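We will go stop by stop.

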Amino acid sequence: MEKTTLLYEGKAKKLFKTDDPAIVWVEYLNQATALNGAKKDQISGKGELNNQITAQIFNFLKSKGINNHFIELLSEKEQLIQTVEIIPLEVVVRNVAAGSFSKRLAIPEGTPLNRPIVEFYYKNDALEDPMIIEDHIEFLQLATTDEIAQLRKMALEVDEALTALFDSMDITLIDFKLEFGRQKDGSILLADEVSPDTCRLWDKKTKEHLDKDIYRRDLGDIIPIYQEVLNRLEKRGE
């Protein structure tokens, strides 16, 4: 397998073509961003940690029957994934009030929700990724009615699986963001990454943040925090 042309460079990853059109080569970056890119820093070691955490979580989700684009880990910072057309939506699942949800609805952070809440956001940097409803998604032709229902179903399946996974690691899954992609046959796969960059994770006993809020809120160094998440994942698999 050979890496060829750069396809895309985002805030956290570079994607490259390979000599197989069905496979993409991913390189995770040591860049942290927050507040829609208003805050940005280079943090040594971040890419390696997110790459390895995502690989472990995607393998776990595959074992639970949740299809995703992950193929294999290549190195500490690189992995191979299946080629998909990313659906320009962020699907957020919330189990506990936090972040923008708390601010928007004046609900104290840490308030448990009586059931998981699914939200959709339009992936558009110029518009700062606004929250949208299903009618907006159909109007913008981002996904069909059936696809929207499938995205919601898959997101809730991921939530159930990840809640159990993190619970076994003494971590509460507060909320998280997912992205999905279409294969050539139209089938939908979980894509992008699942890491402390995309999940809110709180230690069950101390309620301490084990996620990107450490960076967003200037609470300290994220590297030992992300390393702790990876350590707990690896310990669980022993």
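Select D129. D129 is buried, with a relative accessible area of 15%. Buried means under 20% relative accessible area, exposed over 50%, and partly exposed in between (1.4 Å probe, protein chains only). D129 sits in the loop between β10 and β11 (131-132). Its phi is positive, about 50°, although D129 is not a glycine.

A note before moving on: this is a predicted model, where local features need pLDDT of at least 70 and side-chain atom pairs count only at pLDDT 80 or more, while totals for chains, interfaces and linings use all residues. Residues are numbered from 1 along each chain as its sequence is written, and side-chain values use heavy atoms, leaving out hydrogens and water.

Next, select A106. Phi of A106 is also positive, near 55°, in a residue other than glycine. Is A106 buried or exposed? A106 is exposed, at 68% relative accessible area. Look for A106 in the loop between α2 (99-105) and β10 (112-122). Helices (H or I, at least four residues) and strands (E, at least two) are DSSP runs, numbered from the N terminus.

Now go to E179, in strand β12 (residues 171-182). E179 counts as buried because its relative accessibility is 6%. Show the side chains of E179 and K123: they make a polar contact at 3.3 Å. A polar contact is a pair of N or O atoms within 3.5 Å; within protein, one must be able to donate a hydrogen and the other to accept it, and residues adjacent in sequence count only if both atoms are side-chain atoms. Leaving aside neighbours within four places in sequence, E179 is in contact (heavy atoms within 4.5 Å) with residues including I86, L89 and L190.

Zoom out and colour by domain. Domain 1 covers 3-82 and domain 2 covers 85-221; these bounds come from an automatic or database domain assignment. Their C-alpha centres lie 18 Å apart. The contact takes 26 residues from domain 1 and 24 residues from domain 2.

How much area do domain 1 and domain 2 bury between them? About 2100 Å², 60% of it on carbon and sulfur atoms. Buried area is the accessible area (1.4 Å probe) that two parts lose on being put together, summed over both. Select K39, I57 and I66, which supply 22% of the area that domain 1 buries against domain 2.

Last stop: K46 and D197. They form a salt bridge, with the closest N and O atoms 2.6 Å apart. A salt bridge is a side-chain nitrogen of Lys or Arg within 4 Å of a carboxyl oxygen of Asp or Glu. Across the interface of the two domains, the rule finds four salt bridges.
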